[in-house]
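Please read them with the structure open.

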Amino acid sequence: MSTPLAFAPITEINLRFRNGDLGANELVNLYTDRIERFGEISKAFISLDTKSALSKAEIIDESFNDDLPLNGIPYACKDLFDVKGLPTTAGSQVLQDNVAQQDATAIKCMNRAGAIYIGKNNLHEFAYGATGENTLYGTPPNPYDPSRLAGGSSSGSAAAVGFGLCAAALGTDTGGSVRAPASLCGLVGFKPTYGRISTEGVIPYSWTLDHVGTLTRSAADARLVFESLRFEPQPSAQTDLHNLTIGIPESFFFERCDREILDSIDALMNFLRHTGANLKPAFMPSMEYTRSVSLTVQMPEALSYHNRYLEQRGHLYSQDFRAGLALGQCLLAEQYIRAKRFIETYRNDMDRVFAEVDVILTPATPVIAPKIGVVEVTVDGYTEPAGNAITRYTSFFNMTGHPAITLPCGMHSEGLPIAVQLVGKHFGDEQLIDIAQLVESGYDFKLPLPDLG
Amino acid sequence: MKKLDKQTLMGIRDQFGSYAWEDAEISELVDPRLGIITGFQELLDQLEVLRKVDLEATPPAGDISSK
């Protein structure tokens with residue numbers, strides 16, 4: 001049985017376009033109807049441009065170009081990306097009158113690939129936070145359980161794809177803000193090597209940790225979108241699971257983790273062993289202070305950007321983000337520099353790890369999607385803020401800049417998706433996606449579609 | 001290292017050319033109630049541990065080279 005069109009991956013849509021079974025106009029209309037039906041519930045969008053989307057779809061249908069990888073594919077982006085002539089609000093009152101003068105580089109790339117922009121997604125204000133809560137635009141719920149979070153900060157991007165309102169979405173990932181919501185919503189989240197997708201025209205949160213990333217329905221779709229966005233392609237070594245050496249971190253990444261998530265990851269690891277992959281321990285650097293190191297970089301960088309607005313519009317920021325910026329003000333310059341030096345040591349340590357393995361495998365998150373409004377979560381008797389838990393296994397790789405992809409690998413008894421994270425070598429993005437595709441196609445697990453009523 | 005107090009942060013605000021944070025926000029850093037990612041005192045304690053680690057001549061992380 002084929003997938004309902006609203007939940008079909010781009011690869012399947014492309015086949016239907018090429019077979020003449022489907023037109024871009026029909027697809028945009030389908031999503032537009034669904035946005036009318038689910039837009040309010042999902043809180044996925046801050047703004048829409050369906051009129052332009054329909055016009056572009058009609059032009060595409062008149063003379064369909066098979067050579068464009070995303071021709072006629074409707075997509076959305078987190079409301080940090082500039083789209084010429086449209087507002088970029090960052091989910092904040094501060095930028096309500098901010099109209100973009102030109103497209104972000106990533107948007108230009110999507111246009112060049114034939115994709116159809118349909119709207120801007122909700123987010124945690126200025127990408128500050130992993131719960132995706134937004135007092136101005138509401139908190140996007142999880143498509144598998146609307147009482148739970150979609151996760152953030154690319155919350156609306158995850159909800160938009162998860163609720164079947166577009167085929168793919170662009171997000172940003174500073175500590176897991178693409179991978180975590182994708183994981184919680186049963187999607188594929190991909191963060192490339194630092195710098196491989198331009199952040200030009202994207203409102204920054206923390207320049208040296210920000211990555212543009214993709215939220216899609218499959219690893220194959222992540223490839224199509226990534227190939228449309230990346231700078232120079234990198235060669236990908238021939239990959240098969242049989243010859244793969246997979247590093248399993250000895251500590252931290254499997255600790256304080258939901259039992260059912262660990263069981264799902266174990267089952268996946270067994271599958272990989274049976275395919276002939278070599279799973280071996282990976283001795284990662286100490287993770288004890290990594291969150292503090294990340295925070296010590298994030299907050300002064302965020303403050304430095306937001307200083308331009310604080311004097312005139314400081315009162316328009318949400319209370320919690322202002323408190324975070326105030327923290328950035330009170331760190332010493334040497335503490336910031338020292339944190340950057342620790343990041344260099346993490347990179348050096350990871351170079352040694354990757355000399356021994358092709359990829360690293362971890363759970364994507366230690367918890368399933370928390371309930372909306374929950375401040376803290378407890379696993380194995382350890383209580384921490386929900387946002388910290390959601391990104392506990394992802395944020396390290398923003399500092400090291402390694403490419404990382406998360407993909408669904410199980411279903412929790414509470415009816416929510418479970419995901420695995422695969423981390424590759426610097427500039428090994430293409431190979432990492434190859435591996436994710438092999439896992440996706442070989443592993444006998446199919447995520448059920450969300451029951452949206 | 002002594003525990004951080006509000007007076008220190010107010011001094012930074014008033015004497016270091018800082019943005020004029022409200023007193024309540026300064027209080028939040030000393031006694032967090034909003035659920036900031038990490039309490040500031042806890043962060044400072046951890047940074048103090050890291051300060052004592054000899055990083056030799058390790059430079060700050062820069063761009064990632066494809067080589």
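1. Which residues in α9(A) meet which residues in α10(A)? The model is a predicted one. On the α9(A) side they are A:Met299, A:Pro300, A:Ala302, A:Leu303 and A:His306. Facing them in α10(A) are A:Gly324, A:Leu325, A:Leu327, A:Gly328 and A:Gln329. Sorted by class, this contact has 6 nonpolar and 4 polar residues, and no charged residues.

2. The geometry of that helix pair is as follows. Helix α9 covers residues 290-313 of chain A and helix α10 covers residues 319-329 of chain A. Their axes come within 8 Å and cross at roughly 105 degrees. An angle from 65 to 115 degrees counts as roughly perpendicular, and α9(A) and α10(A) are therefore described that way.

3. Chain A also holds an open sheet of 11 strands with mixed pairing. The strand order is β1-β3-β2-β6-β8-β7-β14-β15-β11-β9-β10. At the edges stand β1 (45-48) and β10 (278-282) of chain A; each has a single partner strand, so one side of each is left without a neighbour in the sheet. On average, and with direction ignored, neighbouring strands of this sheet are turned by 30 degrees against each other.

4. Within the sheet, strand β6 (residues 168-173) of chain A is mostly covered, with 6 of its 6 residues buried. In a regular strand the side chains alternate between the two faces of the sheet. For β6(A), A:Ala168, A:Leu170 and A:Thr172 point one way. A:Ala169, A:Gly171 and A:Asp173 point the other way, and both sets are buried.

5. The pairing of β6(A) has two parts. Strand β2 (residues 74-78) of chain A runs parallel to β6(A), and 3 bridges link them. A:Tyr75 has A:Ala168 as its bridge partner in β6(A).

6. Strand β11 (residues 359-363) and strand β15 (residues 417-423), both of chain A, are antiparallel and joined over 4 bridges. A:Thr362 is placed opposite A:Gln421 in β15(A).

7. Turning to chain B, how do α1(B) and α2(B) pack? Their axes are 9 Å apart and the angle is about 130 degrees. That makes α1(B) oblique to α2(B). The crossing of α1(B) past α2(B) is right-handed. From α1(B) the contact uses B:Lys6, B:Leu9, B:Met10 and B:Arg13, and from α2(B) it uses B:Ile26, B:Ser27, B:Leu29 and B:Val30. The residues of this contact divide into 5 nonpolar, 1 polar and 2 charged.

8. How many residues does the contact take from each chain? There are 36 residues from chain A and 29 residues from chain B. On the side of chain B that touches chain A, the elements giving two or more residues are α1 (6-15), α2 (23-30) and α3 (40-51) of chain B. The largest share of that side comes from α3(B), with 7 residues. By class, the side of chain B that touches chain A has 19 nonpolar, 6 polar and 4 charged residues.

Methods. Residues numbered from 1 in each chain as written. Chains lettered and ligands numbered in written order. Predicted model: local features only at pLDDT ≥ 70, side-chain atom pairs only at ≥ 80, totals over all residues. Contact = placed C-beta atoms within 7 Å. Nonpolar A, V, L, I, M, F, W, Y, C, P; charged D, E, K, R; others polar. Axes fitted to C-alpha atoms, helices over the stretch in contact; angles between N-to-C directions. Parallel < 35°, antiparallel > 145°, perpendicular 65-115°, else oblique. Left-handed = near helix turned anticlockwise from the far one by under 90°. Pairing = 2+ DSSP bridges. Buried ≥ 20, exposed ≤ 12 C-beta atoms within 10 Å, placed from the backbone.
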